[in-house]
Amino acid sequence: MASGGKDSDRTLGYMTRKDTEVKLPRPTRVKNKTPAPVQITAEQILREARERQEAEIRPPKQKITDSTELSDYRLRRRKEFEDQIRRARWNIQVWVKYAQWEESQKDYARARSVWERAIEGDYRNHTLWLKYAEFEMKNKFVNSARNVWDRAVTLLPRVDQLWYKYIHMEEILGNIAGARQIFERWMDWSPDQQGWLSFIKFELRYNEIERARTIYERFVLCHPRVSAYIRYAKFEMKGGEVARCRGVYERATEKLADDEEAEQLFVAFAEFEERCKEVERARFIYKFALDHIPKGRAEDLYRKFVAFEKQYGDKEGIEDAIVGKRRFQYEDEVRKNPLNYDSWFDYVRLEESVGNKDRIREIYERAIANVPPADEKRYWQRYIYLWINYALYEEIENEDVERTRDVYRECLKLIPHNKFSFAKLWLLAAQFEIRQLNLTGARQILGNAIGQAPKDKIFKKYIEIELQLGNMNRCRKLYERYLEWSPENCYAWSKYAELERSLVETERARAIFELAISQPALDMPELLWKAYIDFEIAEGELERTRALYERLLDRTKHYKVWVSFAKFEASAAEIEEDENEDEEQEEGVLEHKKDCIERARAIFDRANTYYKDSAPELKEERATLLEDWLNMESRFGNLGDVSIVRSKLPKKLKKRKQISREDGSTEYEEYIDYMYPEESQTTNLKILEAAYKWKKQKVAASEDD
């Protein structure tokens, strides 16, 4: 025997493992992946596989020729079944097959013995009892079947199927009394509704009406539910017993009025009365039910009631039913969330459409009783409109002045004015008093508002009222209170000065403006200065106006101030022209115009110098200023000189700057830069200086060589 190499194996003799390996074909690579012209379906593949499958190998059929072979066969089969039972006694299918095999051999005694042994092992399995009884019935052993059924229902009385099968057998055999007796035995165990209904159907099949009625009585006592009473009533109605049917419904409503399914009961009762043409009875049942059933469980009831009223009621009844349905929905919403003020608004709107004043007031009172839980204005903003609508309803619809006044008074008491207030409410209360010609009451309300919760809107409206009444002294006092409360309010200062100017109190107006611009903090100072300057221009005080512009430039060097100052100087000639129309053709006017243009030009030049020397970083503002200067020069016509400005205009350059993103990456953004003439000269000098230095270095290097 040849000695084996390192790959040899003793179990393989002289061969190596490599020689014995199964060589699988190398997987072919698909070069052409385009779909074939003829596609093969999965169904075709399965069909071909089934056709090519080899026939199943089955053992040959055994033929029994004499009794000895039969005995041997039976002995062998019984031994197999017994072995299976010994291995898996719990397996019900083994017992069933064993018993059925014995039955096929016509050995009923042995089959019965197998069934008994199986039941002894697991008597709680009702399937065994069913198959055991089926075996007895199939082979017409009636008494044995009765015995099996009797034992089954005694041991398993809660398995309804056993009772049904037992009764069915007796009924097929024509033993009606026996079947009834079995039903009675079953009813003693108080089965579910289906068991009682099966007993009733059984009696009705044999036309035993009184017996069925008696069973219904026992049924509703055993299962006092809405569905049970409805079935009982329908049974009586089917038999034409209207009085008995009504009695059943009445008993049910007495016992189950508070049940969760009471809605179905009342609907069925009302529909019964409707079929009996008792319209008033049906209407009373619907209304009684709607008053007693909780709103959340009465949706179907409301729908049925509306349909009933549409069919039998008049116009008023239909409207009441529809309103009642919507009222029920709103009641349910406000019950779930009483702080949902939108639901209260909808509810009140519904009641206002009906027009019942007492009910409208009741809903308003219930709504305003739901005060917001926190003293934050955002929670009160919607709630406060309930009070406003309530007051407007009392004033406009009911024309009840005292009640309207009480509503406003109570609402103003309720609001925590030290934390927040509502100017709208104060003003509505004051305007109500004015409509009642009670000026004292209106002033008192507005005075309390200013004292407790001063606001811009209250001051403005109060001043407007006094102004319309012509009480200028009161207006002055109110403006003084207004400015004491809010000294930074430029609107108030401007309006106060405007009032004095309308009264031709020029010095008072100027004093107010001076006091205003001297305030340390202002909310919109540019508007105040503009108003002051416009005031002086309107008064024709040009020198005062120039002085104001100079004072403003001391505070701010914004390019708009420079432009406005220059435009004022340019328009000064036109102002004086209007005053001296008769001298328009004189030479002095032309000289004066030139003087004004020179002043405007000087202001622009000052502004340009400021931006060039003191604020070189504000290139864009400077460019805008020069554009305005250029436009002004072009509007002057022959008197203008555009070349003065053009020599100062910058060049626009597009540049890119690097921007870092949040994720760490960078990108470039284009922007406009401005190159002014002085900057370009500086750049040229730097280039010449660098060139000179380079030349000098080159000459020095050549000398060294």
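Trainee: Which helix gives the most to the lining of the largest pocket?
Mentor: Keeping in mind that this is a predicted model, helix 29 gives the most to that lining, with 7 residues.

Trainee: And which helices each supply at least two residues there?
Mentor: Helix 29, which spans 525-539, is one of them, and helix 30 (542-555) and helix 31 (559-579) each supply at least two residues of the lining as well.

Trainee: What volume does the largest pocket have?
Mentor: The largest pocket has a volume of about 510 Å³, and of the 17 residues that line this pocket, the closest to its centre are Glu526, Trp529, Lys530, Leu552 and Val561.

Trainee: How do the residues of that lining divide by class?
Mentor: The lining of the largest pocket divides into 8 nonpolar, 3 polar and 6 charged residues.

Trainee: Which residues line the largest cavity?
Mentor: Its lining is made up of Ile434, Leu439, Ala442, Arg443, Leu446, Tyr462, Ile465, Glu466 and Leu469, and the elements that give two or more residues to this lining are helix 24 (439-452) and helix 25 (456-469).

Trainee: How many of those are nonpolar, polar or charged?
Mentor: By class, the lining of the largest cavity has 7 nonpolar and 2 charged residues, with no polar ones.

Key:
Residues numbered from 1 in each chain as written. Predicted model: local features only at pLDDT ≥ 70, side-chain atom pairs only at ≥ 80, totals over all residues. Heavy atoms only, no water. 1 Å grid on protein atoms, 1.4 Å probe; cavity = no way out; pocket = protein on both sides within 12 Å on 5 of 7 lines; lining within 4 Å. Helix = DSSP H or I, 4+ residues; strand = E, 2+ residues; numbered from the N terminus. Nonpolar A, V, L, I, M, F, W, Y, C, P; charged D, E, K, R; others polar. Points joined across faces, edges and corners; volume = space filled by probe spheres on them.
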